[in-house]
Amino acid sequence: MAIQLAQGADEAVSSINTTPLVDVMLVLLIIFLITIPVVNFSVPVELPKQRNEVRESEPKDVVITVSREGKLYWFDAPVANKDALFERLKGIAQQQPQPEVHVRGDAGSDYAPVGRVLLAAQRAGIAKVGFITEPPARAL
């Protein structure tokens, strides 16, 4: 802020010198104009397109359900604990061709029981694990 004394007066005149501020803004504008095209057009890649694929469970596929309370079910039969689940999955992993394991997790359940199912499937050597979800409602 520059303070100057007016000629012939005892009052101080204060005015903001805006020229340096305008210069800084113009420099920043030029920098942004130069760098924005670099950000928008980097390496040309083709991104995957979203697609909804309806898959039906085959009779040979194993469906494991995780309830809201975290209880495990092999199809509709309750599973005692994670060790019993692991033993069943180990038996399924020996089959040729190996069936897929589909996990149905309740939307209100915690992630930990679903994570335990995935860990048991990984330890047992299951190659394909999928999640069964409900499709979104269609807009009319």
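This is a short walk through the structure, stop by stop, with something to select at each one.

**Before you start**

You are looking at a predicted model, where local features need pLDDT of at least 70 and side-chain atom pairs count only at pLDDT 80 or more, while totals for chains, interfaces and linings use all residues. Residues are numbered from 1 along each chain as its sequence is written, and side-chain values use heavy atoms, with hydrogens and water left out.

**The overall view**

The protein has three helices and seven strands; helices (H or I, at least four residues) and strands (E, at least two) are DSSP runs, numbered from the N terminus. Starting from the N terminus, the order is β-β-α-β-β-β-α-β-α-β. Of the 140 residues in the protein, 20% are buried. Here buried means under 20% relative accessible area, exposed over 50%, and partly exposed in between (1.4 Å probe, protein chains only). Now think about contacts, meaning heavy atoms within 4.5 Å: among those between residues at least 6 apart in sequence, 58% join residues at least 24 apart.

**Stop 1: the core**

Select I64, W74, L85, L89, V117 and I126. These have the most contacts inside the largest nonpolar core, which has 19 residues. A nonpolar core is a set of buried Ala, Val, Leu, Ile, Met, Phe, Trp, Tyr and Cys residues joined through side-chain atoms within 4.5 Å. At least two core residues come from each of β3 (62-66), β4 (72-74), α2 (82-93), β6 (101-105) and α3 (111-124).

Zoom in on L85. What is L85 in contact with, leaving aside its neighbours within four places in sequence? The list is I64, L72, W74, V79, V117 and A120.

**Stop 2: helix α2**

Colour α2 next. The end C-alpha atoms of its twelve residues are 16 Å apart, in agreement with the 16 Å they should span at 1.5 Å a residue (the expected span is 1.5 Å times one less than the number of residues). Show the side chains of L85, F86, L89, I92 and A93, the buried residues of α2. They cover an arc of only 120° around the axis, so they sit on the same side of α2; the arc is that of the directions from the helix axis to the C-beta atoms. These buried residues pack against β3, β4, β6 and α3.

The charged end of R123 sits over the ring of F86, 4.2 Å from its centre. To count, NZ of Lys or CZ of Arg must be within 6 Å of the ring centre and within 35 degrees of the ring normal.

**Stop 3: helix α3**

Move to α3, which has 14 residues and reaches 20 Å from its first C-alpha to its last, close to the 20 Å expected at 1.5 Å a residue. Which residues of α3 are buried? Select P113, V114, V117, A120, A121 and A124. Look down the axis of α3: the buried residues fall within an arc of 120°, so they line one face of the helix. Their packing partners are β3, β4, α2, β6 and β7 (129-131). Turn to the face pointing away from the buried side and you'll find the exposed residues Y111, Q122 and R123.

**Stop 4: the loop between β3 and β4**

Select R68, which is found in the loop between β3 and β4. R68 is exposed, with a relative accessible area of 52%. Not counting residues up to four places away in sequence, R68 touches D106, G108 and S109. The C-alpha atoms of R68 and S109 are separated by 4.2 Å, though the two are 41 residues apart along the chain.

G70 lies in that loop between β3 and β4 too, and G70 is partly exposed at 23% relative accessible area.

**Stop 5**

Go to F75, in the loop between β4 and β5 (77-78). Phi of F75 is near 55°, a positive value in a residue other than glycine. F75 is partly exposed, with a relative accessible area of 38%.

Then find P97, in the loop between α2 and β6. The peptide bond from Q96 to P97 is cis, with omega near -5°.

**Last stop: after β7**

Finish at E134, in the segment after β7. Is E134 buried or exposed? At 73% relative accessibility, E134 counts as exposed. E134 and R104 are 9.8 Å apart in space, C-alpha to C-alpha, and 30 residues apart in sequence.
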